[in-house]
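Please examine the sequence and the model shown below before reading on.

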Amino acid sequence: MEFTAEQLSQYNGTDSSKPIYVAIKGRVFDVTTGKSFYGAGGDYAMFAGKDASRALGKMSKNEEDVSPSLEGLTEKEMTTLNDWEKKFEAKYPVVGRVIS
């Protein structure tokens, strides 16, 4: 499936009838099984329904970092992001991608 950023935002964990999605580098993962983390009130709820690539690379929970932009990330931050991507691949199914 293809998602615009606006469509992806509908899968942010606030509607219990919908799955929870988080995108990394444009790939959308169904993280519903991790709803204690990504659902409302969870430690990583700010990532739900968004591409959280920048924030994951920077290990940041700041709202301004929750963005698909990789611009200006250091080599270390890109390595961190790639590690997160591998963890997501091992744990959650890919259900689509974000299109612009």
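The paragraphs that follow treat the sheet, the charged pairs and the aromatic rings in turn.

The model is predicted: local features need pLDDT of at least 70, side-chain atom pairs count only at pLDDT 80 or more, and totals for chains, interfaces and linings use all residues. Residues are numbered from 1 along each chain as its sequence is written, and side-chain values use heavy atoms, with hydrogens and water left out.

According to UniProt, in an unreviewed entry, residues 3-99 carry the feature "domain: Cytochrome b5 heme-binding". UniProt positions are given here in the numbering used for the model, feature names are shortened, and annotations may be inferred rather than shown by experiment. In the model, the span 3-99 is 32% helix and 14% strand, and its end C-alpha atoms lie 6 Å apart. Helices (H or I, at least four residues) and strands (E, at least two) are DSSP runs, numbered from the N terminus.

Four strands form an open sheet with mixed pairing, in the order β1-β4-β3-β2; two strands pair if DSSP finds at least two bridges between them. Because β1 and β2 stand at the edges with a single partner strand each, one side of each is left without a neighbour in the sheet. Strands β2 and β3 run antiparallel and are joined by four bridges. Within this pairing, Tyr-21 has Asp-30 in β3 as its bridge partner.

Strand β4 covers residues 94-98 and contains Val-98. The relative accessible area of Val-98 is 24%, so this residue is partly exposed; the classes are buried under 20%, exposed over 50% and partly exposed in between, with a 1.4 Å probe and protein chains only. Leaving aside residues up to four places away in sequence, Val-98 touches Phe-3, Thr-4, Ala-5, Leu-8, Ala-23, Gly-26 and Val-28, where contact means heavy atoms within 4.5 Å. By comparison, the C-alpha atoms of Val-98 and Ser-16 are separated by 22 Å, the two residues being 82 residues apart along the chain.

The charged side chains come next. Side chains of opposite charge can pair when their charged atoms come close. A salt bridge is counted when a side-chain nitrogen of Lys or Arg lies within 4 Å of a carboxyl oxygen of Asp or Glu, and this rule gives six salt bridges. In one of them, the closest N and O atoms of Glu-85 and Lys-25 are 2.8 Å apart. This pair links distant parts of the chain, as Glu-85 belongs to helix α4 (residues 75-91) and Lys-25 to the loop between β2 (21-24) and β3 (27-30), 60 residues apart. Glu-85 is buried at 10% relative accessibility, whereas Lys-25 is partly exposed at 33%.

A further salt bridge joins Glu-89 to Arg-27, with the closest N and O atoms 2.6 Å apart. Because Glu-89 lies in helix α4 and Arg-27 in strand β3, the pair ties together parts that are 62 residues apart in sequence. Both partners are partly exposed, Glu-89 with a relative accessible area of 40% and Arg-27 with 28%.

Which helices are tied together by Lys-58 and Glu-77? The side chains of these residues meet in a salt bridge at 3.6 Å, N to O. Lys-58 lies in helix α3 (residues 53-58) and Glu-77 in helix α4, so the pair ties together parts that are 19 residues apart in sequence. Lys-58 is partly exposed at 33% relative accessibility, while Glu-77 counts as buried at 17%. Through shared partners, salt bridges also join Lys-25, Arg-27, Glu-85 and Glu-89 into one network.

The aromatic rings complete the account. Rings of Phe, Tyr and Trp (its six-membered ring) pair if their centres lie within 6.5 Å; planes under 30 degrees apart count as stacked, over 60 as edge-to-face and the rest as tilted. There are 12 aromatic pairs by this rule. The rings of Phe-3 and Tyr-21 have centres 5.5 Å apart and planes at 75°, so the pair is edge-to-face. Phe-3 is in strand β1 (residues 2-3) and Tyr-21 in strand β2, 18 residues apart, and both residues are buried.

Tyr-44 and Phe-47 form a stacked pair, 5.8 Å centre to centre with 20° between the planes. Tyr-44 is partly exposed at 26% relative accessible area, whereas Phe-47 is buried at 3%. Both residues belong to a cluster in which ring pairs link Phe-29, Phe-37, Tyr-38, Tyr-44, Phe-47, Trp-84, Phe-88 and Tyr-92.
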